[in-house]
Amino acid sequence: MNRNVDLLNDDIRKSLIKLTIPLALTAFIQMAYNLVDAAWIGRIGTDAVAAAGTVGFLMWISQSVVLIPKIGMGIYTSQAYGRENKKDTMQIIKSGVLIAIFLAIIYTIIVLAFKNTYISFYKLGDVVSQYANDYLVIISIGFIFTFLNPVFSQIYNSLGNSMTPFRINAFGLIINLILDPFLIFGIGIFPELGIKGAAIATVFANIFVSLLFTIDIFLHDKLIKEAILREHSNKKWIYRIIKLGTPSAILNGFHAIITIILNKFMAGFGPAPVAVYSIGSQIESISWMTTEGVQVAISSLVGQNYGAGRIERVKKSIKEGLTVVSLIGIFAFFFLFVFRNELFKLFVPNDQSTIALGGKYLLILSLSQFFMAIEIGITGIFNGLSDTRTPSTIGNVWNLMRVPMSLIFMRFFGVLGVWISITISSIFKGLLNIVFLKIKILNSKEFKIS
């Protein structure tokens, strides 16, 4: 039984929906987990939230590094599969998995070697620093799995099967949700481990997801199984995957580094703004995580049809994809704007000052949701067309602009100035992606010929 959606022949809208729904649901479940996890940690105290938020930036960087094999392998896999070239498809998959394992080992070593330097950079006090150290050491143990799981998911998605990774990731998130309260607060036979318990729950869930992927590949997916077990890696594809995936990784990693600097600015106003940003960014993920799920579907749909030379279907895929992300952006704006205070009350119900500050954060960030969704969606289009440099360049320039803008706005608006700079840069990134996509289409011989 073929579990893959036929992205070359089925109706484009239906194909996009079939791919997007599992991806969006996966993002929604991940968002729900992040919110619940933040809520549980919030019950420990603001110091624990600040510590988890500080470590979260290193998790963000790890997710950036894994984009090298995930994006590079994902694009080339979808295009080779669209060309019906089985040999290339398997070599690309094998090369991507090996790159992910290598990068995971290197990243783990670097993080453990420099963890004390990183934590002390924030100067948030002994309690927060100890929480952060405890959380980071445990999380680092599971980096190999946090690198492999997105790559496994991307393999399935590129082949047109988003339902299987949705089910597997959903099981992992449920396990995480169940374990969190037991390990954090010590229920029944479980000891009370505090923030260490949250980290252990996350690592265990990631191991569980990797195991489920392995079982499914061996039992149900002959192509992926043969690629991993029998096919040899190819130096040509390793080089091409790294070359294509690196701009996206740099964009995401640079974004994380800029955010670390901005977090340092926020820390200058005390632990409360750091906690607000940590919680607020999880709430805001309702738009960007869902849209990133759509981005994967758009990239696979555009990539397969582009690889097969079906340019008219590429055009229709672009139109349908932009419609979906636009609707998500509009919904996110209204949701965050209208319920901004109520959302923060779910996480710090007894801290009125944090709720008030959190409401201001969501008010400011809500104004950029539509443009952020457009940026993410168009990035998926560019990726499917084998162009990862254009959206990365736009993103890097305007992410960097957040630093001088923050320094200026903080003089007039305090910590709100940091969040104002984030919103302004997101608006410009969305607008410029629209402009450059139009330029690319108008100047492309392939699009003109069709």
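Helix H2 (46–65) and helix H4 each put at least two residues into the lining of the second largest pocket. Helices here are DSSP runs of H or I with at least four residues, numbered from the N terminus. A pocket is an open set of points on a 1 Å grid over the protein atoms alone, with protein on both sides within 12 Å along at least five of seven lines, and its lining residues have an atom within 4 Å of a point. The model is a predicted one, in which local features need pLDDT of at least 70, side-chain atom pairs count only at pLDDT 80 or more, and totals for chains, interfaces and linings use all residues. Residues are numbered from 1 along each chain as its sequence is written, and side-chain values use heavy atoms, with hydrogens and water left out.

Back to that pocket: about 240 Å³ of space lies in it, a volume being the space filled by probe spheres set on grid points that are joined across faces, edges and corners. H4 gives the largest share of the lining, 8 residues. Among the lining residues are Leu58, Ile61, Tyr107, Phe114, Lys115 and Ile260. By type, the lining splits into 11 nonpolar, no polar and 1 charged, where Ala, Val, Leu, Ile, Met, Phe, Trp, Tyr, Cys and Pro count as nonpolar, Asp, Glu, Lys and Arg as charged, and the others, Gly among them, as polar.

Next, the cores. A nonpolar core is a set of buried Ala, Val, Leu, Ile, Met, Phe, Trp, Tyr and Cys residues joined through side-chain atoms within 4.5 Å; buried means under 20% relative accessible area, exposed over 50% and partly exposed in between, with a 1.4 Å probe and protein chains only. The largest core has 97 residues, and Ile155, Met266, Ile283, Phe344 and Trp419 have the most contacts inside it. Helix H4 (residues 86–122) supplies the largest share of this core, 13 residues. A second, separate core of 22 residues includes Leu19, Val294, Ile318 and Ile328.

Helix H5 (residues 126–141) passes a simple length check: its 16 residues, at 1.5 Å a residue, should span 22 Å, which agrees with the 23 Å between its end C-alpha atoms. The expected span is 1.5 Å times one less than the number of residues. Buried residues of H5 include Val128, Asp134, Tyr135 and Ile139.

Finally, two loop residues. Most residues other than glycine have a negative phi. Glu84, though not a glycine, has a positive phi of about 60°; Glu84 sits in the loop between helix H3 (67–82) and H4, and counts as exposed because its relative accessibility is 70%. Ser386 has a positive phi too, near 65°, in the loop between helix H15 (369–384) and helix H16 (389–400). At 30% relative accessibility, Ser386 counts as partly exposed.

Note on methods: 1 Å grid on protein atoms, 1.4 Å probe; cavity = no way out; pocket = protein on both sides within 12 Å on 5 of 7 lines; lining within 4 Å.
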